[in-house]
Amino acid sequence: MRPLCRFIRRPNHCTLRHVQRRLLLTLAIETSCDDTSVAVLEKHKNNSAALHFHSKITSDNRIYGGVHPIASHESHQQNLATLVEQALHSLPIKKRTSEHITEVLCLNGKDGMEFREKPDFITVTRGPGMRSSLNTGLDTAKGLAVAWQIPLLGVNHMQAHALTPRLVSALDAADAGEYKAAANDPAFPFLTLLVSGGHTMLVHSRSLCDHEILANTTDMAVGDMIDKTAREVLPQEHLNSASDVMYGKLLESFAFADQQLSHDYHPPSSFTRPRISQLSGSDWTINPPYCAPGPEGSITFADAFTFSGIGSSVKGIMDRHPEMDEIGRRVLARETMALAFEHLASRALFALQRPDIQDIRTLVVSGGVASNQFLKTILRENLDVKGYKNMKLVFPPPKFCTDNAAMIAWTGIEMFEAGWRTSLDAMAIKKWSIDQKAADGGILGADGWKSAAVGH
Ligand code: AMP
Ligand code: ZN
């Protein structure tokens, strides 16, 4: 006899379809820097999410050796409309067209007319970023919102980086075919290290709009320093092989090419220990940032990162040793990354010891540099050795770590659900903190927010 419980052990397709039925659908645009990205994201009733479209074109800035504002702006102007056009054909198919006509988009498909679901709202990065780049996305988003008569959500790019792991868990829940309500994971509060080409900050996220910056860079971003180091240290033929200006990725593969990414790393007893190389032809010393006396470096600077000192030390070393051989260059690349990443670890550890930072179980590491495997090793090892073995380290997949429209879409959905909309006269914001204690009042300190109760 068949066990009766087989009917209750698994959801049937109707149940699955019911809980994974669409709750919200948004088309999102990201153009804050040199990436033009468009996404179509659907959130289901059970908190899982499906990414129907996600594409990105990065401006070719190689001849400039870094991000160039005019070239990036032109790349957005050239590519954004095409990506939006492609995205429209990935919107869910609308089967019934006679009713709910206002919810339908009629597109010119390959085989004639195509009926697609109209998004519930448009999400776009409003800031921070390069003004002309932001404006390309914002103006397009406003146009779509007006044409389709749907609300606009202009979101904060850094908030989106911080919320990325919640997007990833929602996508994973849908992939796993979950039918129960999926938890928003990680739940608040959590810590995030945002490590990108433009930012380095440690953020305490208490709720959707309540993010406190616990440490910020005082000079350059860690990704910027790593890119500059790569341009100094990498042999020319490696630099020539770069397909974009993400030199950090190249530096990592060069540094560990002889070790198949086995890092052989041991946490230092003190973060103030200078790095010394005695290889012939490349003898050098690099001091860690803030290497004041004391076991942890000066705690006075617990809220600050600095990377320019490491960067200029590397430049000085390469100026003195232009003929450095490949082995020497690999050692220098590894030690530079180790110093920078231990500096990141030191500020995370300071924060975890703060009496006002409680109940933190998750440290999220986001931004382009988060795809570095050596960074993962260094953070894990240092947390373990300092008594934080249970601290969960979350590294979103690289495609969601670098700038992308999926994280913008997710942020739009969370803000939309919280009742926020953006007025059509909202302007791009070049500098926009996520910390409500900042002079601009943080995310909700910007003008142009309106609550859903006022109408869309
Ligand atoms: P984002 O600003 O978030 O788009 O990230 C771009 C930055 O991440 C650039 O500075 C890249 O060089 C850096 N990056 C990307 N991949 C890696 C990697 N594997 N190791 C170190 N840095 C990286
Ligand atoms: Zn970013």
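These legends describe close-up views of a predicted model. Local features need pLDDT of at least 70, side-chain atom pairs count only at pLDDT 80 or more, and totals for chains, interfaces and linings use all residues. Side-chain values use heavy atoms, leaving out hydrogens and water.

**View 1. The zinc ion (ligand 2) and its protein donors.** H157 (NE2), H161 (NE2) and D403 (OD) lie 2.1 to 2.2 Å from the ion. Donors are N, O and S atoms within 2.8 Å of the metal (3.2 Å for Na, K and Ca); water is not among the atoms, so sites may look incomplete. The donor spacing in sequence is H-x3-H-x241-D. H157 sits in helix α5 (residues 157-175), and D403 in the loop between α12 (398-401) and α13 (405-417), 246 residues apart. Helices are DSSP runs of H or I, at least four residues; strands are runs of E, at least two.

**View 2. The shell around ligand 1.** A polar side-chain atom of D227 lies 2.5 Å from a ligand 1 oxygen. The protein buries 93% of the 510 Å² that ligand 1 exposes alone (Shrake-Rupley, 1.4 Å probe). Helix α8 gives the largest share of the shell, four residues.

**View 3. P92 in its loop.** P92 lies between α3 (69-88) and β4 (104-109). P92 counts as buried because its relative accessibility is 14%. Beyond neighbours within four places in sequence, P92 contacts L25, E42, H52, R116 and E117 (heavy atoms within 4.5 Å).

Note on methods. Residues are numbered from 1 along each chain as its sequence is written. Chains are lettered from A and ligands numbered from 1 in the order in which they are written. Buried means under 20% relative accessible area, exposed over 50%, partly exposed in between (1.4 Å probe, protein chains only). A residue is near a molecule or strand if one of its heavy atoms lies within 4 Å of it. A polar contact is a pair of N or O atoms within 3.5 Å; within protein, one must be able to donate a hydrogen and the other to accept it, and residues adjacent in sequence count only if both atoms are side-chain atoms.
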